[in-house]
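Subject: Structure for you to look at

Hello,

Here is the structure I promised you. Please open it first, then read my notes below.

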Amino acid sequence: MAHDRPFRNRAGTVIMVLTTLEGPARMTPRLIVSRQMPAPVADRIRAEFDCPWPEGRDMDADEMLNQVRATRADALLITSHLKFGADVIARLPDHVRIAATCSVGFEHIDVAAARARGLKVTNTPDVLTDCTADLTLLLILGACRRAHEYDTIMRSGWRRGYGLGEMLGVQVAGKRIGIVGFGRIGQAVAQRARGFGMRILYTGPRRAPPAIEQGATFFADLREMLPQCDILTLHARGGPATADLMNADTFALLPRGAVFVNASRGGLVDEEALIAALQSGHLFAAGLDVYKNEPAFDLRLAALPNTFLLPHMGSATIETRTAMGMRALDNIAAVLGGGKPIDPLWT
Amino acid sequence: MAKPVLLVTRRLPPAVEARAAAEYDARLNPEDAPRTGADILRLAQGADAVLCCPAEKLDAATIGALPATVRVIGTFSVGFDHIDLGACRVRNLPVVNTPDVLSVATAECAMLLILAASRRAGEGERLVRSGTWQGWAPTQLLGTLVHGRRLGIFGMGRIGRELARMAQAFGMSVHYRDVARLPEALEGGATWHEEDASFLAASEVLSLNAPGGAATRHWLNAERIAQLPRGAVVVNAARGTLIDDAALIGALQSGQVGFAGLDVYEGEPALNPGYPALENVVLLPHLGSATVETRDAMGHLALDGIAAVLEGRTPANLVR
């Protein structure tokens with residue numbers, strides 16, 4: 001298997017080629033990639049970096065640290081699967097100058113410890129916006145139009161037509177959509193919702209300028225917006241301030257028959273309250289891409305017919321994952337080249 | 001004055017049945033039992049109007065045998081293939097249908113299929129429900145981005161145009177193929193193709209929105225599929241007969257078509273067993289117009305048409 005090739009040979013080959021082309025003064029930067037990467041990202045790693053496994057290899061913290069020491073790596077490419085806590089950061093050798101996470105979220109990183117250590121840390125914002133907004137509309141349509149139940153009917157053989165009042169979904173077009181968090185993704189969701197003639201309501205820390213608002217209605221208070229939402233979608237930041245933002249009280253403020261979707265952070269939702277609202281029919285349906293506990297999510301959600309569930313696929317397109325990997329490499333190249341990171345977690 | 005008698009052949013949405021019961025001496029079907037031609041003839045005795053559904057075949061013999069009291073037939077559908085219009089004409093029996101009001105729901109269904117197929121929602125759903133999901137991974141279930149892709153719409157009628165508007169909000173550029181170019185106002189910035197070849201080559205996502213019938217039967221065949229960009233996404237929320245199923249299944253297996261989303265099938269409610277055996281298709285049971293809003297609107301439109309005929313007016317939804 002290509003993964004198991006001795007890295008010294010491979011790394012040596014890369015160095016030789018590059019020294020011939022670019023002269024001996026230029027050192028190829030050394031990189032450890034702690035997770036599998038899409039092929040175009042691996043190709044670039046192979047071309048620009050000295051890396052034992054350019055395709056990436058799923059490593060735990062110990063293996064990553066061993067690889068870092070063995071190769072005297074200058075940089076790390078990680079993803080959210082690797083807990084990058086204070087203990088790991090403390091064990092990083094001095095020659096590591098940057099850790100780039102191939103994700104927008106950075107809950108897996110102890111930012112304070114990284115700062116104290118003088119390590120540069122970057123993420124990959126922006127490049128997921130369209131992909132995640134597309135998926136949000138998929139959740140809305142899938143939940144409103146009962147995609148899970150319909151697909152189950154088909155895979156179990158169908159064989160009978162449905163009556164005219166049977167298995168009806170809820171139309172999306174013309175409905176009122178409430179967007180919690182009107183950042184890049186929230187705005188991109190609003191843009192798509194306009195194509196369905198939806199009325200846009202939003203809430204967030206502050207009102208957006210008219211050019212961004214484009215006729216959307218701002219609510220300073222989530223609780224005032226909720227009773228007016230036929231469909232509610234979350235695009236807020238995670239963290240303690242927004243933990244369980246949607247709970248028994250706030251779900252109760254939605255009109256009966258509302259549809260709820262979440263493609264942002266599982267921690268925003270009290271799933272006990274969500275399940276109760278789905279069981280009672282207070283919510284018509286829910287579309288979820290994120291869960292409080294991943295991947296060991298609450299299996300009661302999977303037992304409900306009126307849920308449309310995806311396994312955290314908000315950025316799961318070849319184009320986007322490639323763009324994320326490339327952006328992470330851009331950040332690494334910028335820092336190792338002596339410049340400023342493009343997407344620093346702090347400034 | 002006694003209310004006119006209305007025979008309703010199948011169970012209808014509650015709001016529609018409530019109106020039917022308020023305005024007519026309504027003969028409803030609360031058990032939603034299927035009705036044969038003989039059932040309809042029996043139940044229509046003394047009725048002024050019949051509101052039927054596509055599941056019932058109103059052939060020439062049935063139409064001819066309907067009691068003379070029946071003055072109008074309404075169908076809870078856009079299509080009227082199930083009604084022998086020639087026989088109605090002979091009897092001078094007007095027919096009303098429910099056009100237009102399904103366009104938005106059907107376009108929504110096509111957009112759902114585009115997103116679900118491109119983003120591998122069927123596989124994702126099954127992975128989550130299986131309880132064996134191992135967690136997020138950078139290369140897990142990678143689909144293709146919908147934003148910014150080229151969408152080819154085959155059949156740019158009302159549904160096609162609704163779909164175009166929705167797709168443009170996803171940053172998709174819209175191409176279309178139809179017998180003639182639309183006026184610029186209806187075109188909405190979409191690009192017309194006079195030839196199949198250029199249209200197919202442009203269609204990274206292909207949506208079929210054309211009518212059925214002999215002229216379009218198996219339009220999407222092996223030869224046309226070969227002209228799509230490799231890995232294209234194909235969706236059909238129009239008519240099952242538009243697709244040569246064997247050719248599409250072969251292309252889904254070879255990767256020439258990356259993903260497909262289908263709401264309609266040739267020979268439904270049976271379908272080619274090749275489809276459910278594939279992971280890269282999303283399948284819906286012909287529920288493109290199945291929203292409460294649309295079904296209510298269809299019912300009200302049919303009742304409006306029936307009322308107009310009974311009152312001696314010409315309804316807008318008269319089938320000519």
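Domain 1 and domain 2 of chain A bury about 410 Å² between them, and 37% of that lies on carbon and sulfur atoms. Buried area is the accessible area (1.4 Å probe) that two parts lose on being put together, summed over both. This is a predicted model: local features need pLDDT of at least 70, side-chain atom pairs count only at pLDDT 80 or more, and totals for chains, interfaces and linings use all residues. Residues are numbered from 1 along each chain as its sequence is written, chains are lettered from A and ligands numbered from 1 in the order in which they are written, and side-chain values use heavy atoms, with hydrogens and water left out.

**The two domains of chain A**

Domain 1 covers 2-126 + 319-336 of chain A, and domain 2 covers 129-309. These bounds come from an automatic or database domain assignment. The C-alpha centres of the two domains of chain A lie 36 Å apart. Five residues of domain 1 and four residues of domain 2 make the contact in chain A, where contact means heavy atoms within 4.5 Å. A:E107, A:D126 and A:T320 supply 77% of the area that domain 1 of chain A buries against domain 2 of chain A. The rule finds two salt bridges across this interface of domain 1 and domain 2 of chain A. A salt bridge is a side-chain nitrogen of Lys or Arg within 4 Å of a carboxyl oxygen of Asp or Glu. A:D126 forms one with A:R184, with the closest N and O atoms 2.7 Å apart.

**The sheet in chain A**

Four strands of chain A form an open sheet in the order β1-β2-β3-β4, with parallel pairing. Strands (E, at least two residues) and helices (H or I, at least four residues) are DSSP runs, numbered from the N terminus. Two strands pair if DSSP finds at least two bridges between them. β1 (31-33) and β4 (120-122) of chain A stand at the edges with a single partner strand each, so one side of each has no neighbour in the sheet. β2 (75-78) and β3 (98-101) of chain A run parallel and are joined by four bridges. There, A:L77 stands opposite A:A100.

**The sheet in chain B**

Chain B has an open sheet of seven strands, ordered β8-β7-β6-β9-β10-β11-β12 and paired in parallel. Its edge strands are β8 (191-193) and β12 (281-283) of chain B. β6 (150-154) and β9 (205-208) of chain B pair over four bridges. B:L151 stands opposite B:V205 in β9(B).

**Where the chains meet**

How many residues does each chain give to the contact? Chain B gives 67 residues and chain A gives 67 residues. The area buried between chain B and chain A is about 5700 Å², and carbon and sulfur atoms give 64% of it. In chain B, B:R119, B:R129 and B:W136 lose the most area to chain A, together 15% of what that side buries. The count between the chains B and A is four salt bridges. B:R149 forms a salt bridge with A:E319, and the closest N and O atoms are 3.0 Å apart. Which helix gives the largest share of the side of chain B that touches chain A? That is α5(B), with eight residues.

Best wishes
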